[in-house]
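Here's a quick briefing to read alongside the model. Keep the structure open while you go through the points.

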Amino acid sequence: MEQVVNRENMLMALHRVERNKGAAGVDGMEIKSLRPFLLDNWTHIRNQLLNGTYQPKPVRRVEIPKPDGGIRLLGIPTVLDRLIQQALLQVLTPIFDPTFSSQSYGFRPGRKAHMAVKQAQSYIREGYRYVVDMDLEKFFDRVNHDILMAKLARKIMDKRILRLIRRYLQAGVMINGCCVATEEGTPQGGPLSPLLANVMLDELDKELTKRGHRFVRYADDCAPRRRRAS
């Protein structure tokens, strides 16, 4: 946890959160108010993080219409929780990302969607013609917390970090003024959620590779090439 809350890491996280902007969470605090708030309260917040007593606030529910007619449920954390999640992300990414499959392209440093498209095109040039388009329905809403935490615990030795991540997963969602408990899922909208999704789906990547499939995955969307045309 000391690495998460050190000055350099927190400043990097603050710059990233300010650059990304975004809406306020349940407490109504806007990005422009974050620095003044930290000047007055950071010592107390840092101590809570170090002694394991920090309690994240619930996320604010936002519904985004999908082009196909459905809705995507987002959970918007407070700007303070976005800052802390970003600081966690910066420490955890170097631990987990190097072990991820080379066929995973979503939400990873140095990788973009057009790279996934180019990889898919290379399979076509190799002669693979049969494609299975996979989309894990409501994946972010159904992640099993215990399974995810077990995967994280294999590489995170600091129990305070594990406890904090668990609290973020279980912080709840504010809907019509009421806090609804979150017993599963990792809400889209926070900086940490994409990394947690990749941790959860890495086992799928390894299994597809083990079975000899050519594939590309971007978050919960995957397109395996299952066999070569004759």
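A crossing of two helices is called left-handed if the near helix is turned anticlockwise from the far one by less than a right angle, and right-handed if clockwise. By that rule, α2 and α3 cross in a right-handed way, while the crossing of α4 and α9 is left-handed. Helices here are DSSP runs of H or I with at least four residues, and strands are runs of E with at least two, numbered from the N terminus.

Before the details: this is a predicted model, where local features need pLDDT of at least 70 and side-chain atom pairs count only at pLDDT 80 or more, while totals for chains, interfaces and linings use all residues. Residues are numbered from 1 along each chain as its sequence is written, and side-chain values use heavy atoms, with hydrogens and water left out.

**How the helix pairs pack**

- Two packed helices are described by the angle between their axes and the distance between the axes.
- Axes are lines fitted to C-alpha atoms, for helices over the stretch in contact, and angles run from 0 to 180 degrees between N-to-C directions.
- The α2 and α3 axes come within 12 Å and cross at roughly 150°.
- The two helices α2 and α3 are therefore roughly antiparallel (angles under 35 degrees count as roughly parallel, over 145 as roughly antiparallel, 65 to 115 as roughly perpendicular and the rest as oblique).
- On the α2 side you'll find M10, L14, H15, V17 and E18, and these meet L34, R35, L38 and W42 of α3 (contact means heavy atoms within 4.5 Å).
- Sorted by class, the contact of α2 with α3 has six nonpolar, one polar and two charged residues (Ala, Val, Leu, Ile, Met, Phe, Trp, Tyr, Cys and Pro count as nonpolar, Asp, Glu, Lys and Arg as charged, and the others, Gly among them, as polar).
- For α4 and α9, the axes come within 9 Å and cross at roughly 30°, which makes α4 roughly parallel to α9.
- Here Q85, L89, L92, T93 and F96 of α4 meet S193, L195 and V199 of α9.
- The contact of α4 with α9 splits into five nonpolar, three polar and no charged residues.

**The nonpolar cores**

- A nonpolar core is a set of buried Ala, Val, Leu, Ile, Met, Phe, Trp, Tyr and Cys residues joined through side-chain atoms within 4.5 Å.
- Buried means under 20% relative accessible area, exposed over 50%, and partly exposed in between, with a 1.4 Å probe and protein chains only.
- The largest core has 46 residues, and I84, L152 and I165 have the most contacts inside it.
- Several helices each supply at least two residues of this core, including α1 (2–5), α3 (34–51) and α9 (193–210).
- The largest share, 10 residues, comes from α4.
- Setting aside neighbours within four places in sequence, I165 is in contact with L92, M149, L152, I156, L192 and L196.
- A second, separate core of seven residues includes Y105, A120, Y128 and A223.

**Residues to click on**

- H145 lies in helix α7 and is buried, with a relative accessible area of 3%.
- Not counting residues up to four places away in sequence, H145 touches R166, L169, Q170, T182, E183, E184 and G185.
- D40 sits in helix α3 and counts as exposed, at 67% relative accessibility.
- Q90 is in helix α4 and, leaving aside neighbours within four places in sequence, is in contact with N9, M12 and A13.
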